[in-house]
Amino acid sequence: MPDTADVARRYDDHSQIQPRTMTAKTETKAARPTNRANDTDRHVGARIRERRIMLGLSQQQMADLIGVTYQQAHKYERGINRISAGRLYEIAQVLGVPVSYFFEGLDSERATDLTARQRMCLELARNFSSISNEKHQEALSQLARALAAE
């Protein structure tokens, strides 16, 4: 068994604290990307907005239906905040579409800004869906068919 003086001497020899130097590994950790929204998040947000407008819902109404604030719904649509899988599923249920709907057109990298014609079509769909009288809806639909045939 070693004597206590021998143990104390070994402890003293190794007890000095050496300064740590930055290694390449620690420097890479500092440069890690943050968890920010990307182009996919913006595309999904634009698809949510497009579908919400088609259904004639305001951001506030959609926010109430999915249980978030108006500000949060706005951030989802602008692609500022990322949407969890569970929340995306809930949004899909409220908007009556499959989750895959939000990713359609992602590969084609189409611009998320709507053209004037696209805005007009969305507004037409929203106004059409707000017509409560089915006979009026049918009459408008026939009119559109007749004009398209010209």
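In these legends, contact means heavy atoms within 4.5 Å. The views come from a predicted model.

**View 1. Glycine 56 lies in a loop between two helices.** Here we look at the stretch between helix H3 (39-54) and helix H4 (59-66), where glycine 56 has its place. Leaving aside residues up to four places away in sequence, glycine 56 touches Gln61 and Arg126. Glutamate 123 is 67 residues from glycine 56 along the chain, yet the C-alpha atoms of the two are separated by 8.6 Å.

**View 2. Tyrosine 101 and phenylalanine 102 form an aromatic pair.** The structure holds one such pair. The ring centres of tyrosine 101 and phenylalanine 102 are 5.6 Å apart and the planes meet at 80°, so the pair is edge-to-face. To describe a pair of aromatic rings, you give the distance of the centres and the angle of the planes. Both tyrosine 101 and phenylalanine 102 are buried.

**View 3. Helix H8 runs through residues 134-149.** From its first C-alpha to its last, this helix of 16 residues reaches 23 Å, close to the 22 Å expected at 1.5 Å a residue. Look at the start of H8 as well: a side-chain oxygen of asparagine 133 comes to within 2.8 Å of the backbone nitrogen of lysine 135.

Definitions and conventions:
Residues are numbered from 1 along each chain as its sequence is written. This is a predicted model: local features need pLDDT of at least 70, side-chain atom pairs count only at pLDDT 80 or more; totals for chains, interfaces and linings use all residues. Side-chain values use heavy atoms; hydrogens and water are left out. Helices (H or I, at least four residues) and strands (E, at least two) are DSSP runs, numbered from the N terminus. The expected span of a helix is 1.5 Å times one less than its number of residues. A polar contact is a pair of N or O atoms within 3.5 Å; within protein, one must be able to donate a hydrogen and the other to accept it, and residues adjacent in sequence count only if both atoms are side-chain atoms. Rings of Phe, Tyr and Trp (its six-membered ring) pair if their centres lie within 6.5 Å; planes under 30 degrees apart count as stacked, over 60 as edge-to-face and the rest as tilted. Buried means under 20% relative accessible area, exposed over 50%, partly exposed in between (1.4 Å probe, protein chains only).
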